[in-house]
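Subject: Structure handover

Hello,

Here is the structure for you to look through. Notes on what was found follow below it.

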Amino acid sequence: MTDAISIKRISKKFGQVQALSDLSLNVPSHSIFGLLGPNGAGKTTLFSIAADFLKPDAGNIEVLGIDTRDISRLRGRLSILPQDARFQNNVPILEQFIFFRLLAGSTKSQAREEVLKTFESVGLQSVIKNRVGSLSHGMIKRLGIAQAFLGNPEVILLDEPTAGLDPANARQIRDLIKRLQERTTIVVSSHNMAEIQELCDHVAILDHGRLMLAGSVEEITLAHREYNLTLSRALTDSEEKCLTALEGVREIKMLSQRTIIQNNGSTEYTFKLDLSDHNVNQDKVISTLLHNLLDMGVTLRGFTEGRNLEKQFLEVTDEFKEKGIK
Amino acid sequence: METLSASHIRIIAYYWSRYIVRSGSGLAYLMIALIFGLFSAQILIMPVEKFIQQKQDVSESNLQNIRYSIINIEKPIVQYVLGVKSFKEVGQDLPNDLMNTMISKPVAEDSMGFDRWTSFLLVKRPALLSAIFLILFFGMPFVVTYLAFNQLSGDVQSRGLRYLLLKTERGNIYFGRFLGTIVFSTLVTALIIAVITFYLAMKLRIYPAMSLIGWSLHGFMALSLLMLPYIALCAMISASIDSPMLSFVVANLIIPGVLITAAIGRIAWAPLKYINYLLPWGWQNHLLHPSPIHLLMALLGCLVYTAIFLMPGYYIFEKRDL
């Protein structure tokens with residue numbers, strides 16, 4: 001898999017604030033790449049440099065093998081949904097989009113056709129004659145996404161595409177992004193771990209302008225995979241020790257113990273697995289774990305996959321804070 | 001620097017000029033320019049109109065007398081505006097009672113002591129229209145800031161430009177919007193001058209229609225050209241400042257500031273009058289000069305000043321974070 005985006009030692013400072021610090025990262029082609037980070041981590045700055053809105057203090061970014069300082073060569077191949085950009089309020093939506101396509105070299109009738117097709121794909125046919133001012137936040141967000149998808153670019157940067165949207169709208173946008181994955185490389189920034197874990201095949205975590213972690217979602221979560229098990233009773237210390245000694249089990253932690261009588265004291269545990277050793281098979285570890293629990297006379301009442309990425313995110317960002325890196 | 005695209009500049013200019021009227025700045029300019037242009041004309045035309053209404057006899061000889069009366073009244077003011085005479089000299093030449101002068105003292109051209117430029121504007125060309133042009137030359141540079149201050153800064157602030165930046169070059173946006181602003185400004189100038197000329201030709205009827213049309217075409221082209229450096233100055237300010245309000249304030253400090261500084265400064269030290277040359281104030285009236293050399297120099301001046309203001313703005317816009 002070749003890289004669609006190659007970020008090389010990018011640094012950017014706004015006054016005294018170091019927004020990005022010597023950051024390097026590669027985004028594989030045809031992947032949906034998630035960019036995670038707390039507020040001020042540098043996600044939007046990174047997107048803005050990739051789209052040449054901002055000039056880096058050092059380093060460079062290559063998109064499809066072209067340095068973004070020569071952004072004109074990426075015209076039509078790279079597009080972006082900027083986080084806080086506004087459309088023109090005084091121009092009808094359809095006219096704005098036709099204008100975008102005219103700049104791409106389409107004739108007026110072609111432009112109209114292309115725009116209508118894109119609007120159909122994002123479910124915005126009904127608003128084409130409206131003005132931006134009359135649209136809801138969700139509609140405007142979809143309009144921004146439609147703008148990013150217009151003209152079938154090869155790389156799309158989506159800066160918090162579902163921020164501020166209700167669950168139904170957010171779901172529609174996620175489905176739309178998934179549909180487009182086959183032909184496009186998409187980079188999505190978000191605060192929503194579950195969304196990134198569901199949507200993306202690769203992920204990078206930024207904090208304070210530094211890259212904390214990067215890789216495929218599978219790789220990252222495999223090393224620290226965890227499952228929430230609801231058991232019929234609480235485990236004794238010796239049982240916990242016995243289970244922790246199993247190959248592939250890193251830690252067992254009690255999450256909550258229900259004391260309601262009818263629940264018969266069922267207790268929720270988090271089992272953290274360590275599958276970084278490729279010889280250790282996840283299914284085998286789970287199977288052994290369940291056998292051992294049954295042997296101990298404990299019944300399994302619930303089994304869910306834990307929010308691995310979120311844990312990872314909190315771990316790496318907390319680690320950063322603890323180290324006090326500035 | 002990027003390669004500019006003529007087709008992109010044309011498309012951007014077309015859309016910008018088409019939709020600018022719906023933006024606050026376009027509408028404000030349209031209203032203020034129309035009010036200023038037509039009100040200025042009204043101030044000059046009204047006394048003449050009143051006088052004609054009083055006169056029953058509108059024979060050719062009487063019309064000639066009216067034309068001479070207008071020349072007589074306007075001459076000292078025009079000479080002061082053109083810099084031919086000082087304020088003190090003009091004060092001595094001004095008739096005591098303008099209305100009375102118009103009615104009773106028609107003066108022959110040869111007895112008026114004209115310089116060549118004043119004679120060209122007031123005698124050889126329709127004097128009333130010349131005077132209106134001089135007022136427009138003075139006032140329109142202020143008025144045009146209402147249109148031109150927000151060529152870029154508003155969209156930089158709202159980040160609206162970010163939707164455009166991956167679709168065309170920054171230079172195309174800069175020059176396209178500059179061109180679109182010029183197109184809109186030129187259309188409004190044409191409208192003002194057309195209304196005034198039409199009124200003078202059809203209602204007042206003291207000048208031959210052909211003479212009015214020829215001179216108004218010259219005035220229209222001169223005024224349109226004169227707007228170029230001022231719009232370019234606003235483009236530079238707008239490309240450098242994020243806030244449209246601040247961009248407006250800076251443009252409105254610089255344009256009159258140069259004029260006022262030169263006017264006050266020359267009282268203390270005469271050479272300070274050359275501060276006027278930082279903007280076209282110092283030579284812009286030469287666009288109405290009878291000498292082709294003066295006219296050509298003024299025309300070149302407009303183009304050179306436009307380039308001087310436009311290029312740093314382009315450079316700044318090209319390099320800055322958006």
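Between them, chain A and chain B bury about 2,800 Å², with 55% of it on carbon and sulfur atoms; buried area is the accessible area (1.4 Å probe) that two parts lose on being put together, summed over both. Of the area that chain A buries against chain B, 25% comes from Phe53(A), Arg75(A) and Leu103(A), more than from any other three residues.

This is a predicted model: local features need pLDDT of at least 70, side-chain atom pairs count only at pLDDT 80 or more, and totals for chains, interfaces and linings use all residues. Residues are numbered from 1 along each chain as its sequence is written, chains are lettered from A and ligands numbered from 1 in the order in which they are written, and side-chain values use heavy atoms, with hydrogens and water left out.

Contact (heavy atoms within 4.5 Å) links 34 residues of chain A with 28 residues of chain B. The rule finds 4 salt bridges across this interface, a salt bridge being a side-chain nitrogen of Lys or Arg within 4 Å of a carboxyl oxygen of Asp or Glu. Asp84(A) forms a salt bridge with Arg159(B), where the closest N and O atoms are 3.3 Å apart.

One residue of chain B may also be worth a look. Asn285(B) is buried, at a relative accessible area of 14%; buried means under 20% (1.4 Å probe, protein chains only). Beyond its neighbours within four places in sequence, Asn285(B) is in contact with Val81(B), Leu82(B), Trp117(B), Leu134(B) and Phe137(B).

Regards

Technical notes: Buried means under 20% relative accessible area, exposed over 50%, partly exposed in between (1.4 Å probe, protein chains only).
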